[in-house]
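Dear colleague,

Please find below the structure that I am handing over to you. My notes on it follow directly after.

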Amino acid sequence: MKVLKFGGTSVGSTESILQVKKIVEVQTEPVIVVVSALGGITDNLINMAHEAASGNSSYEAAFESIVKRHDQMIRTIIPTGTSRKRTLYRKVHALLDELKNICQGLYLLKEMSTNMEDTVVSYGERLSSLIVSTLIEGAVLYDARLFMKTEQKGGKHMLAKTETEQLVKKTFKYSDSLKSEVCQSKKSVVVVPGFIATDVVTGHVTNLGRGGSDYTAAVLAAVLGADSLEIWTDVDGFMTADPKVISNAYAIDELSYVEAMELCNFGAKVVYPPTIYPAFHKNIPILIKNTFNADAPGTIIRDKLRDNSRTIKGISSITGTSLINVTGLGMVGIIGINQRIFSALAKNGISVFLVAQASSESSTSIGVRNEDARLAAAVLDNEFAKEIAMGEMNPMSIIDGLATVAIVGENMKGNPGLAGQLFGVLGRNGINVIAAAQGASETNISLVVRKDYLRKTLNVIHDSFFLSEYKVLNLFICGVGTVGSSLIEQIRTQREKLMAERGLQLNVVGIASGHFGVFSRAGIDLANYREAMQQGGPSNLERLRSEVIGMNIFNSVFVDCTASAEVAGLYKEFLEHNISVVAANKIAASSDYALYRNLKDTARRKGVKFLFETNVGAGLPVINTINDLTGSGDHILRIEAVVSGTLNFIFNTISADCRLSDTIRLAKEKGYSEPDPRIDLSGKDVIRKLVILAREAGYVLEQEDVEKHLFIPQQMFEGTLDDFWEQVETLDDDFERRRRELEKQRRRWRFVARLDEGKASVQLCEVDYWHPFYNLEGSNNIILLTTERYKEYPMMIQGYGAGAAVTAAGVFADIMSIANI
């Protein structure tokens, strides 16, 4: 025998209630079907009763709406002209007439007792069970008021277990040696209204509270020894997290009773929490199924799990949380403080769902619902009035606007490092844990965070503990020029491969230029990002800042593909908000040393990354190599580098047929140089790169400290660009004469950046044919690192040092290194 419970959404529409009929009729064994009121009817009944009791005649319209809803349901699902339909109409309208009379009485008296409200609410299940028992041919309707009994405890209706068990057995003619009447036939259906009950003393109609239909079903299953309990609802089972918050949450195949209870108690609304215990006590498996997706496997709750490999099973949360802080040095060593706290709260009907206490006993934080916070503080202020007056304790303080998150899994027990990993990943994402609690059972770690960080907290935990199918990195890309657009295309083409092979999902949530920007938490279609940017509206520095910080999204990375000093000025604030920064932009890392150091220290302090590998050598692994060397204890003695693709192109191209001025024009035409080539010829870019390398090698260096020996006279950098083009031709003859002499000596020009024991310089050098710099082709870069370990034979890094594709690839590599933290 099985017990099947169908919730309000399952019986709320024509389509769903016919699906209930189909589910019940395919059962091959006797079943008890427990039903809730039609979806939304319970709230309608409560509102209607309150309107009537307040003297508001609008209750009549509410009543007519309820009548219409049930009439329409009967008219649609029961065949026309049948005696069943006529009988059902008569019984339903008899109940509705009773309800109407009650409401008229409330309207006249202008008051309503708790007993009367319970009576009004009971009509929801009484009506729905009538309809369902008629819809399913051969079904028998049992009135739950005759065997579900409650008693008053602490001002609430609580199940009277002994009386209920006796009456259930009597009603269903059950004995331990003989299964119930329901079980004796090969196939029978009994329909029972859930939720409703009667008081064991007064006989007044009561109920088991919101979600009480689940409890009704569980009690029947336990008392009658059912083989299983099925809860049919509108979701595919227990989810790893709230799918409204986490889009890639998925249904959990199986849970232990303990795990299910923990998730229910902390906000998972799949099952009413008291439902678990009766089934657990009799070791009856509970199956959570979706009425609207009956073929889905659902979630099974049982004692012994087939697959118990996951450490964390699910995450649940409660919003509307407040903390009451009970503090005072006078609490230390005093026996009975906690007993007084909880006794005082219990007497006033205040439920505490979280307790965190310092080992010094000088402070205790108590988690309560927002609506109970003020009363709880007043109750405790009164309880400890004497101690507060004497200065031994402080008045109660309240922290509002919080949310509580519970991480649940029986395999957390005895798993060292789990809590450290949890707090570490939250810290790296800038999430402050205000209070935390974990019991000795180690099946639940509960955290209190600010309410506006709840979404981010849930996503971080879900992503980090492999509850998600993919690890997600959320990217903001600034700049869609040659580098930025190449990066976006590389991400687009690699995205599916990374998901399939590495379980990594790169989610671009923001793209901005100096003119337009688009931001979307759900992600941007990279195939049409330019159109999305146009539609996303104008972009400026303030919008960029507010969108990136305001989205407050987890695992976020800001990628700067601009050369803007203003954009670089945002890095510090982004890092302070736990947003990693990847920069192709050289300005920040080469600016004042104090700012550079501050950015590095902020990233380290916040547990995020500030990466700028492409600042030198485009996609070449230069900075990472220096960091690996110094990090492993080596010391950089000397750096010699050719790191200007533009200048290397010029001095590789210069010849008798292509003089100096010609090569400079050619570099501009091919896009190797800036539109104003004097920027490259000034050596400023090379100086910046040398400063960055020196700093990463451990030297304190400013741009002004670099000796600059240029091959273009200073006066040519003054005046207009047109003046420059006229003047630079005057250098052609001298450079050609010197070039011929170098050619005879088997030498070539290279613009070399050099750091030697902290002394830095940039200058045009003549290199011999045997030197590694001699055969450097095109716009390639080369870097020689002389260290304590690589003293006789310096380490050499060589390759493409310019170009949008390789620079974008270097930025992509930095992003991937963050993903692999």
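Which residues does Lys149 touch, not counting residues up to four places away in sequence? They are Met158, Leu159, Ala160, Glu163, Thr164, Leu167, Ala197, Thr198 and Val200, where contact means heavy atoms within 4.5 Å.

Before the rest, a word on the source. This is a predicted model, in which local features need pLDDT of at least 70 and side-chain atom pairs count only at pLDDT 80 or more, while totals for chains, interfaces and linings use all residues. Residues are numbered from 1 along each chain as its sequence is written, and side-chain values use heavy atoms, with hydrogens and water left out.

Lys149 lies in strand S4 (residues 149-153); helices (H or I, at least four residues) and strands (E, at least two) are DSSP runs, numbered from the N terminus. Lys149 is buried yet has no salt bridge. Here buried means under 20% relative accessible area, exposed over 50%, and partly exposed in between (1.4 Å probe, protein chains only). A salt bridge is a side-chain nitrogen of Lys or Arg within 4 Å of a carboxyl oxygen of Asp or Glu. The nearest side chain of opposite charge, Asp199, is 8.1 Å away (Lys and Arg count as positive, Asp and Glu as negative; His and the chain ends are not counted).

Helix H25 (residues 660-669) has Leu660, Ser661, Thr663, Ile664 and Ala667 as its buried residues. They cover an arc of only 165° around the axis, which puts them on the same side of H25; the arc is that of the directions from the helix axis to the C-beta atoms. Their cover includes helices H24 (645-653), H26 (678-681), H28 (721-728) and H29 (732-744). Just after H25, Gly671 takes a positive phi of about 85°.

The structure holds 41 salt bridges. One of them joins Arg638 to Asp756, with the closest N and O atoms 3.5 Å apart. This pair links distant parts of the chain, since Arg638 is in strand S25 (residues 636-642) and Asp756 in strand S27 (residues 747-756), 118 residues apart. Arg638 is partly exposed, with a relative accessible area of 28%, and Asp756 counts as partly exposed at 32%.

Another salt bridge is formed by Lys689 and Asp685 (3.1 Å, N to O). Both lie in helix H27 (residues 684-696), 4 residues apart, about one turn of the helix. Lys689 counts as buried, because its relative accessibility is 8%.
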